[in-house]
Amino acid sequence: MKHIFLVEDDKAIAKNLTLLLRSEGFTVNHASTRSDAIGALDGNKFDLALIDISLPDGNGFTVCTEIKEKQDVPVIFLTASGDESSVVTGLNMGADDYITKPFRPRELIARIRTALRKSGSSPSSFEICGLHVDTASGIVKKEGREIFLSALEYRLLLVFINNNKSIITRSRLLDELWDAAGEFVNDNTLTVYIKRLREKIENNPASPEIILTVRGTGYRLGNGYASE
């Protein structure tokens, strides 16, 4: 489970963001000031930081600098304005991305997942039920024979590999595929992609062992996986 560090002084925004992030399977540590944020870095290990540029006792740039010095994690800035100079300053100080308020929840989640993916948090190889995935080379083999997946089928498979202990909702999968495809992927299209992927990787697509359906919720990876 990924640990998000949220630095935001607006109580209402912080509450809503915390609820959103937790609903997506993240754990959240919140700080409302620059000093609280810097203090929270001792004794906590984060996977990503979400930082408001404007804080009551300073700005988010100094928090970004402190985080980057102590932990090698992606940083996304939240900014209330489209001020180009602030954005450039943040990126020059090591931030990985920024998003301007107000933003759509799905867009923020997509940005977070993209940043986490780029940070190299996925395993280098993975095996389950005779399926072997080498994420370094992008090669997928079933019982020793290479199988060929489309770019979106492979992206979908990686989502399950990178979240092998979690139930993944359909809305989250839509976010991931939309981000990868650069275009809108609807619910019906997702069903088609799941079906196609199962036909290629499952021994019996009608009775899947790798990608399991969790009725009313989404999907999860089957048991018996191993990663390196």
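Thr 79 lies in strand β6, which spans residues 75-79. In this predicted model, the relative accessibility of Thr 79 is 4%. Because this value is under 20%, Thr 79 counts as buried. Apart from neighbours within four places in sequence, the contacts of Thr 79 are Ile 53, Tyr 98, Ile 99, Thr 100 and Lys 101.

The domain assignment divides the protein into domain 1, covering residues 1-117, and domain 2, covering residues 123-219. The centres of domain 1 and domain 2, taken over C-alpha atoms, are separated by 29 Å. At the interface, eight residues of domain 1 are in contact with eight residues of domain 2.

About 850 Å² of area is buried between domain 1 and domain 2. Carbon and sulfur atoms give 40% of this buried area. Of the area that domain 1 buries against domain 2, 61% is supplied by Arg 106, Arg 113 and Arg 117, which is more than any other three residues supply. The residues on the side of domain 1 that touches domain 2 comprise five charged, two nonpolar and one polar.

Specific interactions across the interface were also counted. Zero salt bridges are found between domain 1 and domain 2. Likewise, with both residues required to be at pLDDT 80 or more, zero residue pairs are in polar contact across the interface of domain 1 and domain 2.

Conventions
Residues numbered from 1 in each chain as written. Predicted model: local features only at pLDDT ≥ 70, side-chain atom pairs only at ≥ 80, totals over all residues. Heavy atoms only, no water. Domains from an automatic or database assignment. Contact = heavy atoms within 4.5 Å. Buried area = accessible area lost by both parts, 1.4 Å probe. Salt bridge = Lys/Arg side-chain N within 4 Å of Asp/Glu carboxyl O. Polar contact = N/O pair within 3.5 Å; in protein donor to acceptor, adjacent residues only side chain to side chain. Nonpolar A, V, L, I, M, F, W, Y, C, P; charged D, E, K, R; others polar. Helix = DSSP H or I, 4+ residues; strand = E, 2+ residues; numbered from the N terminus. Buried < 20%, exposed > 50% of the residue type's maximum accessible area, 1.4 Å probe, protein only.
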